Amino acid sequence: MQLVRQKGKNRTKAAYAVLGLAAALLASGCSSEDAGHGRPGPGAAKQGPAGALADYSAQLKQAEAARLAAVKKWGLAKPPLLAPPVPAVKPKITNRPGFETDGGDSLPPVFTTVPTKDKIVFLTIDDGAEKDPTFLKMMQELRIPYSAFLSDYLVKDDHEYFRKMQSLGVTLNNHTLNHRYMPALSYDEQRREICDQQDKIGKWAGKRPRLFRPPYGNYNEDTLKAAQSCGIQAAPLWAEEAFTDHMEWREWDRDLHPGDIILTHFRGRQDWNGTMPDMVRQVMKVITDKGYAVARLEDYV
């Protein structure tokens with residue numbers, strides 16, 4: 001009798017393990033706030049672990065089939081690897097050595113890599129000049145998470161494009177009003193560039209950003225003080241930059257590392273030898289070939 005009970009417990013554990021895997025797949029590419037639609041519904045509790053297992057196994061197969069179909073449709077070399085579950089507690093973010101200012105830990109940290117042992121990287125996209133609807137559809141169908149850092153002068157003529165992006169689980173972050181070289185500006189000028197953009201994004205997108213990226217990756221202590229004064233909590237830079245036909249590397253080993261932040265831009269053929277979907281195919285080949293998955297930056301920072 002004891003053996004029967006133990007087997008029953010093992011089946012229950014297995015059922016819930018598969019449910020967790022299914023939820024991870026179904027919610028991949030979404031924010032942690034959006035991931036609820038990938039969890040068992042009320043009916044799952046009523047039918048018990050066995051019924052929930054069968055239901056979610058079917059959903060898992062459907063989600064995986066749709067993902068593989070999207071990989072073929074969009075011409076990726078390989079299916080993207082799935083990121084692990086979002087951490088229950090976000091890692092502590094500190095300044096990258098050599099990137100801090102005299103304000104030290106009292107100011108928003110500047111970093112290029114998130115501390116993690118998982119083989120994940122973060123895809124971030126700057127500016128906002130190119131507004132390609134094909135890119136939105138591609139990223140939605142492939143369920144690849146990314147974060148946007150927006151400059152007002154480039155996005156103000158088409159807020160609807162970025163609101164659509166936001167509705168798909170993408171966080172809209174601050175990249176200043178006019179993409180100016182910040183260290184050349186006074187504190188008050190920097191504060192206007194950053195804080196007025198906070199207000200604008202908050203007004204048309206409904207949520208003020210927590211993250212800020214200084215244009216060109218250049219900043220001084222006034223930049224971070226100004227950003228902090230209007231609600232910015234961190235200033236992520238990048239470890240790699242992706243283009244349509246190559247990668248550029250910050251580190252000497254020209255390789256990815258767990259937690260690296262990858263930069264690219266909202267650009268098209270007028271700036272690149274290709275399109276944003278071409279960039280996605282190129283950068284995802286590098287990421288997947290090296291055994292990494294793409295995770296959502298705001299789930300870790």
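Contact here means heavy atoms within 4.5 Å. By that criterion, and leaving aside neighbours within four places in sequence, Ile-287 is in contact with Val-121, Leu-256, Ile-262, Tyr-292, Ala-293 and Val-294.

The model is predicted: local features need pLDDT of at least 70, side-chain atom pairs count only at pLDDT 80 or more, and totals for chains, interfaces and linings use all residues. Residues are numbered from 1 along each chain as its sequence is written, and side-chain values use heavy atoms, with hydrogens and water left out.

**Nonpolar cores.** A nonpolar core is a set of buried Ala, Val, Leu, Ile, Met, Phe, Trp, Tyr and Cys residues joined through side-chain atoms within 4.5 Å; buried means under 20% relative accessible area, exposed over 50%, and partly exposed in between (1.4 Å probe, protein chains only). The largest core has 42 residues, and Ile-287 and Ile-262 are among those with the most contacts inside it. Helix α8 gives the largest share of this core, seven residues. Helices (H or I, at least four residues) and strands (E, at least two) are DSSP runs numbered from the N terminus. A second, separate core of 23 residues includes Val-114, Phe-149, Ala-293 and Leu-297.

**Strand β8.** Five of the five residues of β8 (residues 261–265) are buried. Ile-261, Leu-263 and His-265 lie on one side, and Ile-262 and Thr-264 on the other. The strand pairings of β8 are listed below; two strands pair if DSSP finds at least two bridges between them.

| Partner strand | Sense | Bridges |
|---|---|---|
| β2 (residues 120–127) | parallel | five bridges |
| β6 (residues 240–242) | parallel | two bridges |

In β8, Thr-264 is the bridge partner of Ile-125, and Ile-262 is that of Glu-240.

**Helix contact.** The axes of α3 (residues 133–142) and α8 (residues 276–289) come within 8 Å and cross at roughly 35°. Axes are lines fitted to C-alpha atoms, for helices over the stretch in contact, and angles run from 0 to 180 degrees between N-to-C directions. Helix α3 contributes Thr-134, Phe-135, Met-138 and Met-139, and α8 contributes Met-276, Pro-277, Val-280 and Arg-281.

**Disulfide.** The structure holds one disulfide, defined as a pair of cysteine sulfur atoms within 2.5 Å. The sulfur atoms of Cys-195 and Cys-230 are 2.2 Å apart, and the link is left-handed, with -85° about the S-S bond. Cys-195 is in helix α6 (residues 187–205) and Cys-230 in the loop between α7 (221–229) and β5 (235–236), 35 residues apart. Both cysteines, Cys-195 and Cys-230, are buried.
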